[in-house]
Amino acid sequence: MSKKDSLPPAKKKQPFKRKSTQTAESQIDDEKWINEIIPKHQPKKEIKKSKEDISDLSVSSISGIGPAVAEKLMSTGYITVLAVAHASPLELVENCEIGEQTAKRIISAARLQVGIGFQSAKEILKERETLIKISTGSKALNTLLAGGVESNSLTEFSGEFRTGKTQICFQLCVMTAMDKKYGGLESGVIYVDTEGTFRPERIVQMCDRFGAPSEEVLNRIHVGRAYNSDHQMVLVLESPKLIREKNVKLLVIDSLTSHFRAEFTGRGALLERQQKLNRFLHQLLRLADVYDIAVVATNQVLAKPDVLYGESIFPIGGNIVAHSCTTRIYLRKGKADKRIARVIDSPHIPETEAVFIISPEGILDIEDL
Ligand SMILES: Nc1ncnc2c1ncn2[C@@H]1O[C@H](COP(=O)(O)OP(=O)(O)OP(=O)(O)O)[C@@H](O)[C@H]1O
Ligand SMILES: [Mg+2]
């Protein structure tokens, strides 16, 4: 078996830096703010439309934002202009304890600054060419995923118990955190562990396969043990600081739905559960988009015995999870250590299958044995 993974190293974006342009916050209506005040404080040449250029702009550079509001935003995880531009007023009111009018104003200013609007398909294609693909450790699984787990998107691995969801997450951690010379991305990882199943020993074993020293890999993986759904949401809400400081490229949630399922039982609680889960999924999608990271979530499945025709096993979370995940992979057991992965939803890859192996060394191909 080869000591190195054969995927090419990922392309890295160049962050854009600009000076802060703070002014005092004023009490005026939104329209005047957008049409008169912002253009005055925002010279045309400083309005950056390329996502590469704007990904690093700090909230303090939003025109007209006061230091107190900037501080409130940053302390609650809204660190970049892009994060504010993607937020809703209600969300900022709830999370940052600022007034609704202020929230609306700064969101408008942020949107104007980053130039949210239409893009040509050519620009989107160019942006997509810079996406990172994280190797799963198996060539067959990478091929299924058109190169690996993609940044800027939410990938779900669902399946019954022992199908390899957690093992795939461990392998993705290793492939992200390992030094480039061993085939990794030399980047940080955030791992939200909701079931207490994170095992650093497995990370060490998986590093051995590539002959990579495990100490630095372990240092780059930041694990948060979430004890309930609120805690899980807070950990994710607070992750932007860590994402920027530790050059995080992968955020893992293992598992997405276990706390929601345990806490909201019975039909009466279903609506509340789905609403909260929806908010959480939107947090994840926004992180993927704003910070250009790969978000991977595991999910258990539910058997529906009353289904007579077609599929009788479904990932938990219903339509809300189905619509939020960019790519959905369903795992099932094969003979012995074999596992079968099937694409059940993706905007760009066909619904095909791949076989992989779970071994002490990690996620492998059949021919590696
Ligand atoms: N060190 C190891 N060597 C070989 N196989 C291992 C090792 N550790 C775990 N496995 C295998 O991995 C499988 C468990 O996979 P995993 O923990 O990813 O399941 P899961 O899909 O996350 O399940 P759950 O829904 O219970 O969380 C088991 O079949 C187990 O034998
Ligand atoms: Mg698991």
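What share of the contacts in the chain with a separation of 6 or more is accounted for by residues 24 or more positions apart? In this predicted model, the share is 69%. The chain holds 16 helices and 13 strands. Of its 369 residues, 41% are buried.

Ligand 1 has 13 residues around it. Phe161, Lys165, Thr166, Gln167 and Pro360 come nearest. Two elements, α9 (165–177) and β12 (353–359), each supply at least two residues of this shell. The largest share, three residues, comes from α9. By type, the shell divides into eight polar, three nonpolar and two charged residues.

Arg162 sits in the loop between β3 (153–159) and α9. It has 12 other C-beta atoms within 10 Å. A residue with 12 or fewer such neighbours counts as exposed, so Arg162 is exposed. Ala336 is found in the loop between β10 (327–333) and β11 (338–345). Ala336 also counts as exposed, because it has 8 C-beta neighbours inside 10 Å.

The backbone also contains a cis peptide bond. This bond joins Asp254 and Ser255, and its omega is about 5°. Ser255 lies in the loop between β6 (248–254) and α14 (258–263).

Key: Residues numbered from 1 in each chain as written. Chains lettered and ligands numbered in written order. Predicted model: local features only at pLDDT ≥ 70, side-chain atom pairs only at ≥ 80, totals over all residues. Near = placed C-beta within 6 Å. Helix = DSSP H or I, 4+ residues; strand = E, 2+ residues; numbered from the N terminus. Nonpolar A, V, L, I, M, F, W, Y, C, P; charged D, E, K, R; others polar. Buried ≥ 20, exposed ≤ 12 C-beta atoms within 10 Å, placed from the backbone. Contact = placed C-beta atoms within 7 Å.
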